[in-house]
Amino acid sequence: MSFLSIDHLSKYFPNHSGNGTVCIFQDVTVKIDKGEFVTVIGHSGCGKSTLLNIIAGLDTPTEGGVILNRQEVTGPGLDRMVVFQNFALMPWMTVFENVALAVRSAYPTWSSQEINAHVNKYIALVGLTGAETKKPTALSGGMKQRVGLARAFSIEPKVLLLDEPFAQIDALTRGVIQEELVQMWNATRNTVFMVTHDVDEAILLSDRIMLMTNGPSARIAEIVDVTIPRPRSRETIIDDHRYYKIRNHVIHFLVRHASREREHGAGNQTESSPSDPVSINFSA
Amino acid sequence: MKITRTQHPFFISIFFLGIFLLVWHVATISPTFDPTGKTEEELLVLEFNGDIVQTDDGGYTWNPEKEKVKGVPGPMTVAEKAWIELTEAFVIKGTNDHGIAFLVGYTVSRFSVGFLAASGVAILVGILLGLNQMLFRALNPFIQILKPISPLAWMPLLLYTVKDPKWTAIMVVFMAAIWPTLATTAFGVNSLRREYLQVAAILQLSWVKRLYKVILPGAAPTIVNGLRISFGSALVAVVPAEMLLGELGVGYLSWIEWNNLDIAGVIFAILVVGTVGVLLDSGFNKLAGLVTYHE
C-alpha cells in the first residue's frame, strides 16, 4: 500500500447552461511513496489545481477518492499543507504571526517559548531572519513565498502540496527559491505533490513528472521518471545528458497537446478514452 | 518647495471665513428707524403694534424684541447667543432647560447606544450572511426593501410599540445605522479571499479562532467602510428624532429655539450639531485607522 494513493479520481462541474456536466478530469490514479516528490504538468484549465485541492481536502471529487497513510481524505487537515500560488499570507499579520498561527495550530500543547523557537527556526531556514515583524505588503513576491514555505514546512505535514508556488515570482528570484526548496526538501524528505507550468522547475525538483492532457476530460497520459541523480542543483543539472532528453520529451508532449486542441477544439472526447498512463524512463 | 506662511491652507480658511462673516454681517444690517415723513398717528400705530419703541430722549427706534424675529440675525447676535449658552453650559434651569453640555451629552449617549447596538447586530448577521451564500440570497430581498426606508418613517410604529420616547429615539438611530453595516459586512466577508479561509481550514482553526484571527480582521476594512456610512446616516437621523420626540438633545435645542422664534439660537444649534458630528467622526477615524491593512 502506497503512502498517498489517488484512486480513480474524476471531477465533473455543472456546465454553463446549467443542465448536464463538464468532465474536468477523469480516472486519475497515482500512487506516491513516502518521501517522493511528484509533479503534475499540464496546460491551464486541465484541472491540475483542482486535483491538488481534492488531495488537500478543499474540494471534493465526483468519483474516486484519496487515501493518505491508510486513511481516506474527507476534508482539509494539518497533515496536508498547501503552498498557494498567490501566497495566501494574512496581510494583517506579521511574518512571525503568519508562521506562528500555523505552528500554534499544529502543536497546541507547546509553550510559547517552544512555539517562538520553532517559528524562528523556520523563518531562519528560509533566510528571513530580521523580517519577522514586517507585514507581507512590505515584502517582495519571493520573500512572501519564502514565508509561505516556512509556514508549510513548520507544521511538518505528511504531504506538502505546492500549487504553482513560483508562478508569480520573477524569473531570477524563482531560480534562487527553487534551489532553496531543493535544500529544504533534502533536509526533510517530505512527500511533495506539486503542480506547475514550468518544465525546468519540474525536472529540478521531481522524482516523477505526470503529464496531463488538456481538459475537458483531462487525464494523466504519461509519467516520466526523472532519473537524474540527487543531490541536484540548477547549475549542474543542465549538464546531465538526460536533462534535455526529458525536457524535450515533456515540451513535445505539451506542444503536441496544445496544437491538438486547436485542431479539434475543446470537448473532443475521442482521444481521452481512459487508459493507463504510459511510463517513460530515460535511464542512462 | 518651501511652504511659506501665506501658502498655508489655514490662512486661506481664515480668509474665507472672514469674507463669509463680513458678507453675513453686511447682509443682515437693518437700517435704523427713520421717523421723517411719518405723521404722529402713523407713529402711534407702529408703537401700538410693537414695531417701534420710544427712547428716553423722545425719539423712536425699532423694537429690539421684534427685531429678533425679523430677518436673519447677524454674526454678532449669534456670537452673543453662543456666548450666553456656553457660559451656562453646565446649568440646569428647569426640567426642559438644560445647559448645552448636557444636551450634547444626551445626544452623544443616545447616538452611541443606538449606533453600537446596531453595529453589533449588523456585524454578526453580516458575517453569517457573508459566509452562507444561500442565506444571503434568501434574505437579500428583505434587506433591499428595508434599507431605503427612512429611519424616521419607523418612528410612529416604534413609538406605538415601544411606548417610550427615549427608547424610540435610540431605536430610530438603530434603524438608521443597521443596514449599511449589515450589507457591507456581508459583502466584505463574502469577498474575503478564498485562500484565507482555506488556510484556516487546513490549520483546523476552531470557529472562534477562525472568526477572530481570519474573518473579522480580513473583512475589517470593508466593515469599517460600512460603519462609516451607518455612522453618517445615524448622525443625520438623531437630530430630527429628537425634534419630533421632544427628547432633550441638540436636535431638541434647534427645535425649541425655533418655537421661541430665536433664530440666533437656531443657528447656534446648527453649529453645535456640526461640532458634535466632527468630534464623533474624528474619534471614529482613529478607530478605523487601527484595523485597516493593505494587501
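Predicted model: local features only at pLDDT ≥ 70, side-chain atom pairs only at ≥ 80, totals over all residues.
Reader: Which residues of helix 11 of chain B meet helix 12 of chain B?

Author: From helix 11 of chain B come Val250(B), Leu253(B), Ser254(B), Glu257(B) and Trp258(B). Their partners in helix 12 of chain B are Gly265(B), Val266(B), Ala269(B), Ile270(B), Val272(B), Val273(B) and Val276(B). By type, the residues of this contact divide into 9 nonpolar, 2 polar and 1 charged.

Reader: Why is Val173(B) called buried?

Author: A residue is buried if 20 or more other C-beta atoms lie within 10 Å of its own. Val173(B) has 28 such atoms within 10 Å, and is therefore buried. Val173(B) has its place in helix 8 of chain B.

Reader: Which residues have the most contacts inside the largest nonpolar core?

Author: They are Ile55(A), Val99(A), Leu161(A), Val172(B), Val173(B) and Ala234(B), in a core of 138 residues. Helix 8 (residues 165–190) of chain B gives the most to this core, with 15 residues.

Reader: How do you know that Met81(A) is buried?

Author: The cut-off for a buried residue is 20 or more other C-beta atoms within 10 Å. Met81(A) has 27, and so it is buried. Met81(A) is located in strand 6 of chain A. Its C-alpha atom and that of Leu162(A), 81 residues apart along the chain, are separated by 8.5 Å. Not counting residues up to four places away in sequence, Met81(A) touches Ala152(A), Ile155(A), Pro157(A), Leu160(A), Leu161(A) and Ile202(B).

Reader: How many residues of chain B are in contact with chain A?

Author: There are 15 residues of chain B in contact with 17 residues of chain A. On the side of chain B that touches chain A, helix 9 (194–202) and helix 10 (207–245) each supply at least two residues. Helix 9 of chain B gives the most, with 6 residues. The residues of this side of chain B divide into 9 nonpolar, 3 polar and 3 charged.

Reader: Why is Glu156(A) called partly exposed, and why is Ala88(A) called buried?

Author: A residue is buried at 20 or more C-beta neighbours, exposed at 12 or fewer, and partly exposed in between. Glu156(A) has 17 inside 10 Å, so it counts as partly exposed. Ala88(A) has 22 inside 10 Å, so it counts as buried.

Reader: What is the phi of Ala88(A), and what is that of Glu156(A)?

Author: Ala88(A) has a positive phi of about 50° although it is not a glycine. Glu156(A), also not a glycine, has a positive phi of about 45°. Ala88(A) is found in the loop between strand 6 (80–83) and helix 2 (95–106) of chain A, and Glu156(A) in the loop between helix 4 (141–154) and strand 7 (159–163) of chain A.

Reader: Where in chain A is Pro231(A) found?

Author: Pro231(A) is in the loop between strand 10 (220–225) and helix 7 (234–237) of chain A. The peptide bond from Arg230(A) to Pro231(A) is cis, with omega near -5°.

Notes
Residues numbered from 1 in each chain as written. Chains lettered and ligands numbered in written order. Contact = placed C-beta atoms within 7 Å. Helix = DSSP H or I, 4+ residues; strand = E, 2+ residues; numbered from the N terminus. Nonpolar A, V, L, I, M, F, W, Y, C, P; charged D, E, K, R; others polar. Core = buried A, V, L, I, M, F, W, Y, C linked by C-beta atoms within 7 Å.
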